[in-house]
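Colleague: I'm new to this one, could you walk me through it?

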Amino acid sequence: MPSTFDTVANIIAETCDIPRDTITPESHAIDDLGIDSLDFLDIAFAIDKAFGIKLPLEQWTQEVNDGKATTEQYFVLKNLCARIDDLVAAKGK
Amino acid sequence: MRLEYFQLIDRIIDLNLNDLTIRVEANVPTDSTIFEGHFPGRPLMPGVLLVEAMAQASGWLIIGRTRFKKMPFLAALKEVKLRTFVTPGQALLVSAKIMHEGSGFAITEAEVKVDGKMVCNADITFRVVDFPPGDFASHMHEVSKRIAFPMESVNHG
């Protein structure tokens, strides 16, 4: 079974036509990979489907806009994957 | 339809918030200034307006789903297929189904049929946001009356 990171990296590579080998756990989806908000909707859709969750993008955006969180907390891929794992675990409870 | 006013749908026939589907009537007018240019001597319903009709039908479905709390804005189109010409006077049946509800976005599959035959279809992505401030929400309520939006399905669904 692929890791969360592998699944997410493959989704990003396919959705945004980004070479898979340039995507690392340290990559920032926006700052490093240049993914814009519209492309991120496609990624969120694919992640929602792949993991059976609903990424809370509205909540995250609000927290960033309010200064309560940084984009790194949600959009650096290793952090994004940790959030996904949390959402998957919460779903099973 | 009143193409010049971007009124692409005429009447909601059915809104099912359990199945997340909508069906809408949309009658292509026999006369419109748009047909003077598209095309002289060969009037055709522009494909982009067929897409807009699918987007508007999908949009009313999403508005119903969010109980008039959120406004969908067209964000992306995929797998758009304009399968045959649509001409003045034809009666369109526009259908849409919500395929995914994300956080702040939704994806629908929509199609248009004429006499039971599919003439176009698309996968449509919308950003779904709070209604913009001002008169926007009240304007949409006004439009909902014109297209016979079944408010009871929102109030009791």
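Modeller: A definition to begin with: two strands pair if DSSP finds at least two bridges between them, and strands (E, at least two residues) and helices (H or I, at least four) are DSSP runs numbered from the N terminus. This is a predicted model, where local features need pLDDT of at least 70 and side-chain atom pairs count only at pLDDT 80 or more, while totals for chains, interfaces and linings use all residues. Residues are numbered from 1 along each chain as its sequence is written, chains are lettered from A and ligands numbered from 1 in the order in which they are written, and side-chain values use heavy atoms, with hydrogens and water left out.

Colleague: Fine. Which residue in S2(B) is the bridge partner of Ile12(B)?

Modeller: The partner of Ile12(B) in S2(B) is Val24(B). S1(B) and S2(B), the latter covering residues 21-27, run antiparallel and are joined by 5 bridges. They form a hairpin with 4 residues between them, and Leu20(B) in the turn has a positive phi of about 60 degrees.

Colleague: And what is the strand order in the open sheet of chain B?

Modeller: The order is S1-S2-S4-S5-S6-S3, 6 strands with antiparallel pairing. Strand S1 (11-16) and strand S3 (70-82) of chain B are at the edges with a single partner strand each, so one side of each has no neighbour in the sheet. From one strand to the next, the twist averages 20 degrees, and angles here are taken between N-to-C directions, from 0 to 180 degrees, with axes fitted as lines to C-alpha atoms, for helices over the stretch in contact.

Colleague: How many bridges join S2(B) to S4(B)?

Modeller: There are 7, and the two strands run antiparallel; Ala26(B), for instance, stands opposite Leu92(B) in S4(B).

Colleague: Now the helices: which strands does H2(B) touch?

Modeller: Helix H2 (residues 47-65) of chain B packs on the sheet and touches S1, S2, S3, S4, S5 and S6 of chain B, its direction making about 50 degrees with that of S6(B); contact means heavy atoms within 4.5 Å. Of its 19 residues, 16 are buried, and H2(B) is mostly covered. Helix H2 (residues 37-51) of chain A lies across S3, S4, S5 and S6 of chain B, running at about 90 degrees to S5(B).

Colleague: Changing topic, how many salt bridges does the structure hold?

Modeller: Over all chains it holds 9, a salt bridge being a side-chain nitrogen of Lys or Arg within 4 Å of a carboxyl oxygen of Asp or Glu. One of them joins Glu26(A) and Lys78(A), whose closest N and O atoms are 3.1 Å apart. Glu26(A) lies in the loop between helix H1 (4-16) and H2 of chain A, and Lys78(A) in helix H5 (residues 77-91) of chain A, so the pair ties together parts 52 residues apart in sequence.

Colleague: What about the side chains of Arg11(B) and Glu25(B)?

Modeller: They meet in a salt bridge at 3.0 Å, N to O. Arg11(B) is in strand S1 and Glu25(B) in strand S2 of chain B, 14 residues apart, and Glu25(B) is also the bridge partner of Arg11(B) in S2(B). Arg11(B) is partly exposed at 36% relative accessibility, and Glu25(B) is partly exposed at 27%.

Notes. Buried means under 20% relative accessible area, exposed over 50%, partly exposed in between (1.4 Å probe, protein chains only).
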